Every structure is written in structure tokens, then in C-alpha cells.
Amino acid sequence: MKRVKTAILLSILCVGFGLAPAKTSEGQEADVSPLPLKIERAFPEIRPRRPVVMTTADDGTDRLFMVTQQGVVQFIPNRQDVTEDDIQVYLDIESKVVYDDRKNEEGLLGLAFHPKYKSNGEFFVYYTTTDEPLTSVVSRFRVSKDDPNKADPNSEEEIMRIKQPFWNHNGGTIAFGTDGYLYIGLGDGGAFNDPQMNGQNIQSLLGSILRIDVDKKDEGKNYSIPKDNPFYGHPRLARGEIYAYGFRNVWRMSFDRKNGALWAADVGQDLWEEINVVVSGGNYGWNLREGNHKFGLVGVEAQNGLIDPIWEYDHKVGKSITGGCVYRGQLLPQLDGYYIYADYVSGKVWGLKYDYDQKRVVANREISTASIEGGNVPVITFGQDHQGEVYLSDAFGRIFRIVEDK
Ligand SMILES: [Ca+2]
């Protein structure tokens, strides 16, 4: 009852200040006033093809690496005045990668530099290969021995192959946690409703986030399964690689640089887009739940064992979430701790603040896209540079940054 009264009071206060209160389906109240920030073009002279990853090698050089979904890893010096002539090709595997504009969930989808890249020269990619049948590959490559600006194209070592039943829902984010392990986000395999029930099947890698050690090799594998993985040591019951499961198609996950928390945005099917803070062994509900709601004929009400998202929005707000990262940069201290995300279809961008201790969202505030031609931005990914400054890119190859809205 107290909670209801507080909610009513907050609603009145918000209306009083001209703000509409926002609620998740669990009744949380959050500050939804717009952030006094806006999106503007970054690196305005360049327009790479579908830049689905933007990241740093964290090797002391201030290069911003960009992955084209078609299969090329490029970098630019991290200066706003760069031109097309400044773009350098680091690795070109386009001939190995399947990509088709009509099937735009395939391609070179992930890139992660080893935390010790500066000394070992290793980096990792995730791509859908041209091999039949449909397959995703996670591979290790190395920088060339005599040129720090080129990868050695012959250094590929496949870490893992994952068979894909359908062309869509390939996930594809790979990222190193602060624990030094490689995390791999996999979709449910595709089609509608997760027909193979991969999300809830812990004997299938699909529909899961994996956690592997790429510095060691178990017998018969090119990687090792960390002993503290939640399903370690029970190969007949579950795949030891699984860190968390119950996902439909995580489109972008990232680690909070301050505390190592893993954030994953899961793209919804019918009604709800969701944001999760992921813990070891967690079951995030798909395909029994979509957002905070029962899904499908066999869906279930919330219960122990299924973890609902920390935030959701419905398909009146947007139809396909693009997850970003928690801002820990220097240029915008007022944005510190906000998780930046977007919706690909509605073209809106938000900053969401989560209280890790209280486990509740305290703010979900829009960041203006009004100054961008067209007024909305079909964001396909987010990235961070060496300093933690955040970049966004859209399907047209435009790259953006966040600045004060003066
Ligand atoms: Ca979920």
C-alpha cells in the first residue's frame, strides 16, 4: 500500500513538473525527463559500410577500430577530422563471410581485442561463414609480426563453430570480461517463437551467453571452460560453456568498465524489448517470457528461476533494441553511470540509470536526435574508444557521438 501511495505522489510531482512518469510492468518509477544532451555526427567526413562494431585495441595507440558487417576490420586515428583517406584496412575476410542486405543479421558481427593485445597481438572475431550449412565461427587472429597496422590474414585459428538452424538471430557480440574470459552472445537460432526451444535448452549453446578461456585448451578444444562456470563439469546435463541463457537475440552486450557488470539487450519478438544485467547461471526467460510477460502458449508467469529484465519497453516505443554500454568517459560527467541504448526502428536514443544496490532503474531519459537529418537514427551498434567516450553508428554508415544540447 505504501508503495502505491508513493507511486501516486510521485506521479503528481512529475505531472507538476511537466514530466510524465514512466513505469515498467513491475511498477518502478523512473525519471523520464530528457537528458540535456544530443546526438551529433562524429567523424563527419567518413561513412563506412554498416559499421557494426566500434572498439579500441587498448594498446596505448588511439586508434578506433570499426568492423564493416560485410567482413572488413578497419581503423581510423581517433580524430574528428579524419577523411576516407585515413581509413586503414586492418583485416579483410570478406570472402569468408556471408552477408546479404536482405539478411542483415549475418556477417562479420563481433570483434574483441585480447586484454593483453599489446604484448600477445591476439584478437577475436565472430562471423557467419560462407560454408554450408549455416554456421557461425569464432576465430583468433594475430597482428602481423612486422606491421602493427595490419593483421596477419594467415593467422586464423578457429576457436569454435556453432551450427545455425536459420539465417537470423546470430547474436554476435564478443567481449572480454574484467575476469579475462571471452564472452560470446548467441541468439536462439532464428525463425519465430524459438521453434527448437534453444533459449531454454542448456544442452544447446544457442540462446545463451558463453564464457570461455581462450588462453588455455581443454582436450579436443581450442579453448578451455572456466571451472567456475555455472554448468561446469556436468556435460550430460548442460554445456559447460554457458554462462547465462534464455535469450532470443542479444544484440549487443557490454561490460560496465567500473564494476564489470554485464549488460545485455535482448531483441523482442511480438511486444517487448528488454535490458538485462546478467549474472552467472541466470535464465533470462525466452521463450517462456518476453520482457516481464508470459510468452506463447507454454509461457510462464514470473517465478523463481527466471530473471525478468531490469527494463522493458513496448512496441509503441520501438521495435528492435540496440544495446549500448554504460558511459564511463571523461567528457560528459553528467552522463557517468548511464547505460546508453537505442531502438533501431523508432530511431530514439536513451540513457538509463540503474541503482545496482537497490536493483532498480532510477532514470530512463531520452537523448535528442532532433539535430540529425531525418530526425531519427537507426542505430545498429555502440562502441567506446580508448578513453571510454561512446560512439553510435547507423545503418547508413553515419557515426555519432553524444554532446551537450546547448
Ligand atoms: Ca528475457
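Begin by selecting the calcium ion, which is coordinated by Glu274 through two OE contacts and by Tyr284 through its O atom, at 2.2 to 2.8 Å. Donors here are N, O and S atoms within 2.8 Å of the metal (3.2 Å for Na, K and Ca), and water is not among the atoms, so sites may look incomplete. Glu274 lies in strand E18 (residues 272-278) and Tyr284 in the loop between E18 and strand E19 (289-290), so the pair ties together parts that are 10 residues apart in sequence. Strands (E, at least two residues) are DSSP runs, numbered from the N terminus.

This is a predicted model, in which local features need pLDDT of at least 70 and side-chain atom pairs count only at pLDDT 80 or more, while totals for chains, interfaces and linings use all residues. Residues are numbered from 1 along each chain as its sequence is written, and side-chain values use heavy atoms, with hydrogens and water left out.

Glu274 is buried at 5% relative accessibility, and Tyr284 is buried at 3% (buried means under 20% relative accessible area, with a 1.4 Å probe and protein chains only).

A cavity is a set of points on a 1 Å grid over the protein atoms alone where a 1.4 Å probe fits but cannot get out; a pocket is an open set with protein on both sides within 12 Å along at least five of seven lines; lining residues have an atom within 4 Å of a point. A volume is the space filled by probe spheres set on the points.

Now move to the largest cavity, of about 40 Å³. Residues to select in its lining include Val98, Glu106, Phe166, Trp167 and Asn170.

Of its 33 lining residues, select Thr55, Ala175, Phe176, Arg257 and Gln384, the closest to its centre. Colour strand E8 (108-113) as well; E8 gives the most to this lining, with 5 residues.

Finally, visit the second largest pocket, with a volume of about 480 Å³. Among its 27 lining residues, Asn104, Glu105, Asn249, Val267 and Ser320 are the closest to its centre. Strands E22 and E26 each give two or more residues to this lining.

Conventions. Helices (H or I, at least four residues) and strands (E, at least two) are DSSP runs, numbered from the N terminus. Buried means under 20% relative accessible area, exposed over 50%, partly exposed in between (1.4 Å probe, protein chains only).
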